[in-house]
Amino acid sequence: MTQTPIRIDAAFDSGNIDVLSIDGTAARLAIRRDHQSEFAQWFHFRVAGAAGRELTLAITGLGQSAYPGGWPDYNACVSEDREYWGRAASSYDPATDGGTLTIRHTPAADIAWFAYFAPYSMERHHDLVAAAAASEGVSHRTLGTTLDGQPIDLLELGEGETQVWLYARQHPGESMAEWWMEGALDLLTDPADPHGRKLRQLCRFHIVPNMNPDGSRRGHLRTNAAGVNLNREWDTPSDERSPEVLCVRDAMDETGVHFAIDVHGDEAIPAVFLAGFEGIPSWTEQQGAEYRRYRAILERRTPDFQTRRGYPVAPAGKANLSMSTNQLAERFGASHGCVSMTLEMPFKDNADLPDPAQGWSPERSKLLGRECLAALLELLLTRP
């Protein structure tokens with residue numbers, strides 16, 4: 001008897017896959033590139049007709065993806081209820097079909113969703129913003145609109161003088177960044193949380209949970225609707241290419257910035273780490289000492305964070321000022337002693353503390369958000 005073939009769809013929020021062929025429970029697939037861009041890495045699709053059947057899903061052409069180093073030792077994310085995201089056994093062969101990730105999984109339910117990381121939908125984004133905006137002491141404003149006409153949401157809270165900016169998903173496929181935001185907002189808006197209470201006394205928070213709604217909805221890895229990498233626009237943003245950056249940077253100019261975290265995910269490095277601003281032209285040792293102190297506090301607070309793995313440090317005077325972390329430290333260093341940083345979480349598992357069932361997960365991203373803020377409080381309370 002001929003097997004009924006599975007069905008694969010991706011025509012939904014953040015969906016991305018091209019179906020090349022289906023044979024029973026096996027499929028050959030390919031990732032669509034970001035619109036007007038060469039970046040390709042994010043995938044998100046559903047498989048129907050799958051209950052009790054072993055699926056073999058081959059995503060091909062990955063040697064030409066944005067980060068081929070992201071595929072070895074990577075297991076795809078899978079969910080049957082779109083709440084709990086586990087990992088499906090996956091293997092990468094660079095010599096097959098231009099580089100192929102083969103996902104093998106037998107769902108219990110008739111429908112299973114697969115993704116590069118647990119998605120954070122635009123609907124969940126609006127739920128997050130609505131819940132936070134309804135919390136005591138929180139105000140909301142729309143900073144601007146994207147090229148697709150979506151709002152850039154800003155949440156503000158706190159009565160203190162230290163101006164803190166938290167922003168995420170400049171690269172939309174790095175969905176762990178908005179899970180981090182959910183954890184951070186949970187802490188800050190919980191009237192019973194002592195860390196949140198004290199931070200609200202000391203700081204004024206400015207929070208952009210999603211810098212790139214267009215890329216998020218379109219299923220992009222790294223760019224907005226125009227195919228622009230927003231984290232290379234901070235020196236000269238424009239309404240035509242990067243209105244998202246322009247409206248956020250203008251708002252930062254209004255408030256000034258003492259402390260900032262730009263939240264991201266890294267495809268290849270199986271660890272949580274920070275990248276700083278060492279190469280900016282106006283570098284001061286005072287700024288550098290505060291950054292190193294924050295990093296040491298975070299490493300002590302959570303075993304999910306480490307300092308051994310990370311990116312190379314830019315030589316003196318050679319920092320790329322089109323990137324937000326460098327731009328902010330340079331822009332607000334003299335006036336505010338700005339300490340800014342890029343936080344990276346893995347798409348893979350955390351090699352120092354592996355979890356075979358989930359790898360790096362939404363749950364750990366949210367917990368890390370809380371720890372990052374608790375570390376900020378310690379930094380502020382223990383300043384010399």
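Me: Hi! Where is D97 found?
Reply: D97 sits in the loop between β7 (86-93) and β8 (100-105). Strands here are DSSP runs of E with at least two residues, helices are runs of H or I with at least four residues, and both are numbered from the N terminus. This is a predicted model, where local features need pLDDT of at least 70, side-chain atom pairs count only at pLDDT 80 or more, and totals for chains, interfaces and linings use all residues. Residues are numbered from 1 along each chain as its sequence is written, and side-chain values use heavy atoms, with hydrogens and water left out.

Me: Thanks! What is the phi of D97?
Reply: D97 has a positive phi of about 50°, although it is not a glycine.

Me: And how exposed is D97?
Reply: D97 is partly exposed, because its relative accessible area is 39%. Buried means under 20% relative accessible area, exposed means over 50%, and partly exposed is in between (1.4 Å probe, protein chains only).

Me: Which loop holds D73?
Reply: D73 lies in the loop between β5 (55-60) and β6 (76-79). Phi of D73 is near 65°, a positive value in a residue other than glycine. D73 counts as exposed because its relative accessibility is 74%.

Me: Changing topic: how many disulfides does a search of the whole structure find?
Reply: The search finds zero disulfides. C203, for instance, is in no disulfide, and its nearest cysteine sulfur, that of C338, is 13 Å away. A disulfide is counted when a pair of cysteine sulfur atoms lies within 2.5 Å.

Me: What kind of bond is a disulfide, anyway?
Reply: A disulfide is a covalent bond between the sulfur atoms of two cysteines.

Me: Is C247 buried or exposed?
Reply: C247 is buried, with a relative accessible area of 11%. C203 counts as buried too, at 0% relative accessibility.

Me: Let's look at H220. Where is its place?
Reply: H220 is in the loop between α4 (213-218) and α5 (243-255). At 4% relative accessibility, H220 counts as buried.

Me: Which residues is H220 in contact with?
Reply: Leaving aside neighbours within four places in sequence, H220 is in contact with D34, H35, W42, P172, G173 and G215. Contact means heavy atoms within 4.5 Å.

Me: Now the whole chain. How many helices and strands are there?
Reply: The protein chain has nine helices and 16 strands. Its radius of gyration is 21 Å, close to the 21 Å from the globule rule for 384 residues, so the chain is as compact as a globular protein of that length. That radius is taken over C-alpha atoms, and the globule rule is 2.2 Å times the number of residues to the power 0.38.

Me: What share of the 384 residues count as buried?
Reply: In the protein chain, 58% of the 384 residues count as buried.

Me: Last one: what does the C-alpha trace span along its principal axes?
Reply: The C-alpha trace of the protein chain spans about 75 × 45 × 40 Å along those axes.
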